[in-house]
Amino acid sequence: MFKVGKKFKKLVWSTFVSSVAVASIAGGAFSVQPTQANAEQAAVSSQLPWMDTSLSPEKRTELLINAMTLDQKIQQLAGQRGAIPELPECGSPGRHVPGIPELGIPTFRITNGPVGLGGGDCSPQDKATALPVALGLAASFDPSLAYSFGDLMGGEARTLGLHELEAPGMNLARLGENGRNFEYMGEDPYLAGVLSSKEIQGIQDNDIIAMSKHYVLNDQEQNRGSVNVNIDENVLHELYLLPFEMSVKDGNVGSIMCSYNRVSGTYACENDYLLNTVLRDQWGFKGYVQSDFGATHSTAPALNAGLDFEMQSARFFNTANINAALADGSLTMDTVDQALSRRYIQMFKYGIFDRSIVRGTIDAETNGSKSREIAEQTAVLLKNEGNLLPLNPSVKSIALIGKSTYVDAAVAGGGGSSRVSPLYTVSPLQGLQNTLTKLGSNTAITKVTVANDNSNLNEAVAAAKNADIVILMAGVVTSEGRDRPSLSLPDSQDEMISAVTEANKKTALILKDGDPVLMPWVNEVPSILEAWNPGQEDGNVVANLLFGLANPSGKLPVTYPVSKADTPTSTAERYPGVNQGVLDSTGKEIPQVYYSEGLEMGYRWYDAQGIKPLFAFGHGLSYTNFDISRLVVTPKTTDGTKKIQVSFFVENTGKVAGAEVPQVYVGLPKNANEPPKRLVGFEKVWLNPGEKKHVTITIDPATSNHPLSIWDSNADTWKTLDGEYKVFVGNSSDNITLTDSINVRTPAGYSK
């Protein structure tokens with residue numbers, strides 16, 4: 001074992017601290033000035049065998065772990081709060097693993113995501129760009145935009161001297177009331193998997209470790225720490241595990257966060273089937289698993305099941321517990337070493353051992369501009385009767401009306417651990433003024449903030465009557481830790497919308513939320529723009545969309561129901577769960593939730609049940625019009641392994657530039673007993689007026705989303721059935737305009 005002397009320890013510590021003062025950041029990457037301190041650090045590092053950068057991350061990890069004492073190993077298995085030696089200016093909030101200077105191990109610094117850097121290792125000192133919510137990113141249906149989203153977050157994490165970014169979130173929107181839907185990517189696993197994988201690549205290209213979360217089935221906040229999810233194995237694999245599988249195979253994600261809930265009776269963070277059988281054995285995941293904060297419930301069972309890293313504190317992964325488990329044989333040193341190895345390999349891979357910890361300055365203007373451009377592409381035009389939008393800048397007067405949350409300040413995101421402290425914000429009024437000035441308009445704006453109890457609603461109605469145009473803002477801001485009480489808008493907003501719209505039919509409603517909402521007034525309002533929680537550039541984003549400086553191009557990543565009764569989670573057993581006398585070890589009852597809707601979740605439910613939604617998955621209008629035509633699918637017969645080409649033309653038949661998102665769905669053979677169709681491909685196509693493009697979307701049976709396959713629970717594998725597969729092309733799940741079919745004849749009746 002490599003030994004380190006006291007004099008050597010002191011030298012390493014001093015050079016780590018002194019390097020903080022000399023490191024700087026240029027162009028998003030680190031540069032270190034050639035000072036004496038850095039020369040000393042280089043000399044020190046050269047004496048540590050595992051600091052040889054010519055070695056592989058695996059070899060460096062092996063050398064490091066062999067040099068560690070048991071106490072050092074245990075100290076590295078869990079995070080803690082407290083001061084950061086390398087950054088004394090941060091005080092003692094902490095979200096890290098303390099370093100071991102004599103071994104060259106830096107403080108491992110962690111920040112939350114997934115809508116910007118939130119709740120990080122130097123909060124509240126660290127401010128960052130508040131991006132649009134993740135559900136909005138999903139609405140973009142744009143993998144390249146997802147990469148930019150991740151790249152921005154990863155770049156800011158790198159600038160602030162962080163190492164791990166807890167993003168993306170990819171729990172599915174099974175439940176419209178879920179308090180964290182805004183952090184996730186919608187109801188379709190393929191869409192969530194594609195965009196999350198690209199976001200991960202954007203993060204990790206900045207040498208920041210990304211983290212897929214919350215693995216798995218943390219699809220409600222109510223009773224999240226105790227609920228047991230009962231689910232069929234095929235449903236688990238085909239829907240809820242699928243985006244995580246894609247993030248491992250396509251995104252090459254470095255870490256996974258296991259969730260609070262139980263799955264089939266066992267906590268997710270000590271579930272051997274999920275963490276070992278599926279994640280490692282079936283998918284080949286090479287990274288590490290970190291617990292959600294407080295989601296660890298044992299020592300040896302959790303480590304043996306595949307949990308590598310406990311957060312936030314060492315409640316279970318501590319010296320006393322681990323020594324006891326080693327002594328009684330329930331835990332081995334190999335398992336302890338394996339847990340450390342998985343994280344250290346990722347740390348070496350992304351250069352975390354080889355760069356100084358410094359806090360630089362984020363370019364607020366540049367990143368704010370990027371955030372605005374991203375948010376403009378996430379908005380969904382739900383309705384636009386009479387082409388009220390875009391607004392004419394020559395309009396004489398505008399009444400800006402809404403509750404304080406939505407008209408007085410930017411809606412920068414939801415609450416909880418993902419809350420970002422924004423570098424700046426742009427209010428709705430300031431945004432309108434900015435855009436109107438840009439357009440050379442002298443439009444007068446009257447703003448009325450409506451009290452939560454609507455006590456001054458008459459004032460808003462009067463302002464609406466006296467204005468040429470009304471811009472009405474409403475929405476929902478949700479938070480981690482609790483679900484919405486219903487799908488309705490809070491604070492009497494439905495009454496406000498109806499009253500204001502009745503006073504002036506030229507009303508454009510802007511929704512700012514992170515979930516589907518009920519719309520009892522939908523037939524009264526001519527234009528509805530879903531802007532989500534747009535982030536810190538809220539005012540500029542919405543104003544640019546309203547006046548046509550940006551053309552809405554988003555598509556709904558979730559279905560909007562007519563009523564709660566229409567949803568698949570309208571029964572108590574499906575949500576929030578029921579008590580059936582099942583007790584935990586302390587005698588406390590364990591709530592049971594049943595995913596008895598099976599595969600019929602999201603648009604699959606509405607398709608299978610024949611229920612017409614208010615606005616369907618994939619729906620989204622534009623300020624221009626598009627035509628999708630001339631579908632060709634080849635080959636017509638396949639053995640279930642060959643790639644299938646789905647080709648068609650997309651034409652902009654309108655008068656302004658814009659983007660359409662053609663969506664390809666597949667319907668499996670009847671004997672598969674699946675919902676009518678599943679999304680297997682999409683592409684965002686940008687077109688000038690009159691422009692036409694030939695688009696080809698490839699369905700590859702071998703890809704990570706298993707587009708033609710079902711999960712065979714008996715064989716524990718994916719299976720492709722023989723039979724006729726229908727191919728559907730349209731611009732939403734309920735607007736299929738082109739259809740075709742192919743026949744699959746597998747040599748042995750199935751293929752993996």
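In this predicted model, helix α8 (residues 233-240) and helix α9 (residues 242-249) pack at an angle of about 55°, their axes lying 5 Å apart.

**Helix packing: α8 with α9**

- On the α8 side the contact involves His237, Glu238, Leu239 and Tyr240, which meet Leu242, Pro243 and Phe244 of α9.
- Sorted by class, the residues of this contact between α8 and α9 comprise 5 nonpolar, 1 polar and 1 charged.

**Helix packing: α3 with α13**

- From α3 the contact draws on Pro57, Glu58, Arg60, Thr61, Leu64 and Ile65, while α13 contributes Asp337, Leu340, Ser341, Tyr344, Ile345, Phe348 and Lys349.
- The contact of α3 with α13 has 7 nonpolar, 2 polar and 4 charged residues.

**The chain as a whole**

- The C-alpha trace of the protein chain spans about 80 × 65 × 55 Å along its principal axes, and buried residues account for 62% of the 752 residues.
- Of the contacts between residues at least 6 apart in sequence, 75% join residues that are at least 24 apart.

**Backbone geometry**

- Most peptide bonds are trans, and most residues other than glycine have a negative phi.
- The bond joining Gly113 and Pro114 is a cis peptide bond with omega about 0°, and Pro114 lies in the loop between β4 (108-112) and α5 (134-139).
- The peptide bond from Ser123 to Pro124 is cis as well, with omega near 0°, and Pro124 is placed in the loop between β4 and α5.
- Leu217, in the loop between β6 (209-215) and β7 (228-230), has a positive phi near 70°; its relative accessibility is 3%, and because buried means under 20%, Leu217 counts as buried.
- Asn673, found in the loop between β23 (663-667) and β24 (678-682), has a positive phi near 55°, and with a relative accessible area of 67% Asn673 is exposed.

Note on methods
Residues are numbered from 1 along each chain as its sequence is written. This is a predicted model: local features need pLDDT of at least 70, side-chain atom pairs count only at pLDDT 80 or more; totals for chains, interfaces and linings use all residues. Side-chain values use heavy atoms; hydrogens and water are left out. Contact means heavy atoms within 4.5 Å. Helices (H or I, at least four residues) and strands (E, at least two) are DSSP runs, numbered from the N terminus. Ala, Val, Leu, Ile, Met, Phe, Trp, Tyr, Cys and Pro count as nonpolar, Asp, Glu, Lys and Arg as charged, and the others, Gly among them, as polar. Buried means under 20% relative accessible area, exposed over 50%, partly exposed in between (1.4 Å probe, protein chains only). Axes are lines fitted to C-alpha atoms, for helices over the stretch in contact, and angles run from 0 to 180 degrees between N-to-C directions.
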